[in-house]
Amino acid sequence: MQPIDFYFDFASPYGYFMSEKINALAAEHGRTVTWRPILLFAALRSLGLPPPFEHPVKLEYITADFARSATFLSVDYSLPPAFPALTQHAARAFYLLNEKVPAAAVPFAQDVLRGYFRDGRDISDIEVIAQMICEQTGKLGSAIGVRDLLKTGEARALLQNAITAAVEKKVFGSPFVVIDEESFFGVDRLPQIAKKLAEA
């Protein structure tokens with residue numbers, strides 16, 4: 001059976017909520033999950049779509065819905081002081097780890113999401129991301145060395161390629177889950193995802 005594609009932005013609360021559920025749900029049905037972080041604003045711009053928080057009325061509603069959804073899904077959550085965060089460093093780090101230390105990539109992503117949405121860590125800061133990589137694995141060297149790696153053309157290209165691939169798949173939100181070529185947008189689609197997996 002094909003792996004499930006899980007697209008998300010590290011600054012998306014709904015992406016975080018899905019990240020806490022999708023692996024276990026997939027495992028129940030004998031599936032694996034391919035994690036694919038993106039920069040949502042970049043993908044939306046390429047698709048000609050507006051940013052998700054463009055209007056203050058929508059922002060007011062959605063901020064309240066974050067907390068409501070977290071409670072409903074029983075996920076530990078607190079709106080970070082710096083929201084939304086810039087996530088290019090975290091996303092580059094994920095793909096760099098996925099190339100060089102694959103087993104560390106998803107645990108690193110989970111650490112970043114939990115660090116941001118539970119502990120309020122500033123994931124916009126490249127120093128924080130470099131330190132989190134070192135906490136996950138020492139195979140890329142010191143925090144200073146990791147920071148320099150995140151600025152390389154290789155790290156930038158890996159992320160850009162991932163964004164380009166997501167745009168080609170018409171990924172327009174976070175979380176965005178693709179199962180056997182069928183797309184599901186939003187953490188509120190979890191029951192439909194479960195039904196799809198059961199039927200497959």
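**Definitions set against values**

Modeller: In the protein chain, the mean positions of the 20 positive and 23 negative charges lie 3 Å apart. This is a predicted model, where local features need pLDDT of at least 70, side-chain atom pairs count only at pLDDT 80 or more, and totals for chains, interfaces and linings use all residues. Residues are numbered from 1 along each chain as its sequence is written, and side-chain values use heavy atoms, leaving out hydrogens and water.

Colleague: What counts as positive or negative?

Modeller: Lys and Arg are positive, Asp and Glu negative; His and the chain ends are not counted. Each charge is placed at NZ of Lys, CZ of Arg, CG of Asp or CD of Glu.

Colleague: Which side chains of strand β2 (residues 33-37) are buried?

Modeller: Val33, Trp35 and Pro37, which point to one face. Buried means under 20% relative accessible area (1.4 Å probe, protein chains only). In a regular strand, side chains alternate between the two faces of the sheet.

Colleague: What makes β1 (residues 4-8) and β2 a pair?

Modeller: Pairing requires at least two bridges found by DSSP. β1 and β2 have five, in the parallel sense, so they pass, because two are enough. Phenylalanine 8 stands opposite proline 37 in β2.

Key:
Buried < 20%, exposed > 50% of the residue type's maximum accessible area, 1.4 Å probe, protein only. Helix = DSSP H or I, 4+ residues; strand = E, 2+ residues; numbered from the N terminus.
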